[in-house]
Amino acid sequence: MKRSKFLLSMLAFGYAFMYVPLFCVIGFSFNGSKFVTTWSHFSFKWYHTLAQNRIMLDATLNSLKIACCTATVSVVLGALAAIAIVRFKRFSGKSFFIGMIAAPLIMPDVVTGLSLLLLFIGMNNLFGWPGEHGSMTVTIAHITLSLSYVTAIIQSRLAEIDSSIEEAALDLGATPTKVFFVITIPAISSAIISGWVLSFVLSFDDVVLASFVSGPQSTTLPMVVFSSIRMGLSPQINALTTIIIGVLTVCVAIAGYIIYHSSKRIPQKSKGEGKHWRSLV
Amino acid sequence: MAAKSRHLNKIEPWHDPEERPYVYIENLTKDYDGSIAVDEVTLSVYRGELFSLLGRSGCGKSTLLRMLAGFEIPSSGRIYIDGIDMSGIPPHRRPVSMVFQSYALFPHMNVEQNVAFGLKQEKLPKSQINERVNDVLELVQMLDFKKRKPHQLSGGQRQRIALARSLVKRPKLLLLDEPLAALDKKLREKTQLELVNIQEEVGITFIMVSHDQEEAMTMASRIGIMADGRIIQVGTPTEIYEYPNSKYVSNFVGTINMFEGVVMEEEENYAVVRSSVLDEINIMVEHSTSAAIGAHVSIAIRPEKVVISKRPPKDRNYNCVKGIVQDIVYLGDVSIYHVELANGRIVYSTATNLFRIAERPIQWDDEVYLYWLPENSILLTA
């Protein structure tokens, strides 16, 4: 059957809509011109300048650190929250708890950022913590945001899992702690990984929360990019973006390879001939 | 039915007053915030039995099973397994293993890892684990599937692995929660006998929960009928079918004709009951429970014990009623005749189809006699 031209062109349009901007950035990162948008000649010039730009590199490193911490803490807390919601039948304030966990999802970032800023200042005045704003405060802010996403992801996966597999493990002699690590965690591992990646991305590209709660010592990459717009965008950003896209593509490819190979079917084997029963005891 | 006859040939431990029950459940109650799931159940199960708890969904049979496994804590009462009180012992320290209805295989482990899981918890040496895993996989004929993941197996194969995973622990008691409910009819019938064979092979005591009376009849050494959290009757499949102790049991297991009546005469081994629904004739019933004269009772008779004929019986001992054939349900091997009495009451009679359908002697709207021997009917007071 011939596929309709209309459907094919819609597919092409859809892909173009998503990926042409990315290819533009990659293309312009090799642009020799000092203007972001005008092409002159091919050059690695902006990669060289980027390598010497301490502010940009420090901000990138800082962003990566914050994103990793955020993702890890969110996944741990989110998994615990999800288990409390799904596995414990009733506890007082359960629906309130579910609502509160989900609330940051609908809260505008500006509101969250401002309220966190006020909280940090107030706490600092009362007990002298968290002191000067920096990576720590940004990480806390990002965790409050991504925790709701991670909880939602893990919660839905956990609800799908037949809780009798945990009972079966218990029944076979595993202690409750062992059941958690050997059965529950592997069963929700896909949700944990996607939750980790999602909160990493949320943290890595956040600019609003970070603007409120970061200090002078710690700026994140999106903040540097954002503030540099005022002074005229440097094509270094194209180079940086290209590097990030490259790293991400490699990561996704590796993950895809691993997932594909772990789920590949083992070839069918013929069933064994009927054997006589043998005593177990 | 071959499997069952083997059971019957064994000495029946429940008739031996010296025999100590292997699993003893004493006044066990489970109360979920006022709704009682299991109500004062006392039950003895003997070593090597395949005991089936049979009842409709929601009758408390699964809750009882989960209390044996330790997943639910009884509100009151005690469970003894091999003489040891199980109260306060968590599921992972009980000598009990369970086969779940959903099989509950670990999706991220292959067959071998699934089966070895229980032995690894016992910290056995690797060589011993491998040997026992291989033995049990051979027993369930799944040795060739060691490296498969659960999602690569069919329903029947998963069921075997779930069984193997529990058997490999050599538990004192194996619990099966509707183990065959997820299989299609043909496979279920085949697996029923296989399961009985395996049980006899390994000699482990099985307690099985089922809502399928045919399954329980085929497999169990004894059946406990449950309703509303109570055990109503315990007995061998034959006892349950032929001598039900209540209307509930007689209706639940198989089909039965039931007539209400009043006791007119009572002798040592028979009673005469007059039933308005049977055209005010006197019915003779052999009885074990005593019923005083004037008491309201029910008489129950299985359809296959009601003889249908165009001629009245020659022997005066038969109870006999007359009616018109309303319907014939043809099932191939047997036909069920729906016979309407003069007062409108329908009585069922099952007859083997000895002749091909065209030559069937009894047809619709024929006037027929239904008769049965007094010793085949049951007098029920409850």
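User: What makes 65% the figure for contacts in chain B that join residues at least 24 apart?

Analyst: Two residues are in contact if their C-beta atoms, placed from the backbone, lie within 7 Å. Take the contacts in chain B between residues at least 6 apart in sequence: 65% of them join residues at least 24 apart. One heads-up: this is a predicted model, where local features need pLDDT of at least 70, side-chain atom pairs count only at pLDDT 80 or more, and totals for chains, interfaces and linings use all residues. Residues are numbered from 1 along each chain as its sequence is written, while chains are lettered from A and ligands numbered from 1 in the order in which they are written.

User: How do you know how much of chain B is buried?

Analyst: You count neighbours: a residue is buried if 20 or more other C-beta atoms lie within 10 Å of its own, with C-beta atoms placed from the backbone. By that count, 41% of the 382 residues of chain B are buried.

User: Which residues make up the contact between chains A and B?

Analyst: Chain B puts in 34 residues and chain A 27. On the side of chain B that touches chain A, H4(B) gives the most, with four residues. It's called a helix because it is a DSSP run of H or I, at least four residues long; strands are runs of E, at least two.

User: What makes chain B a two-part chain, and how far apart are the centres?

Analyst: An automatic or database domain assignment sets the bounds, giving domain 1 (2-251) and domain 2 (257-380). Their C-alpha centres lie 39 Å apart.

Notes: Buried ≥ 20, exposed ≤ 12 C-beta atoms within 10 Å, placed from the backbone.
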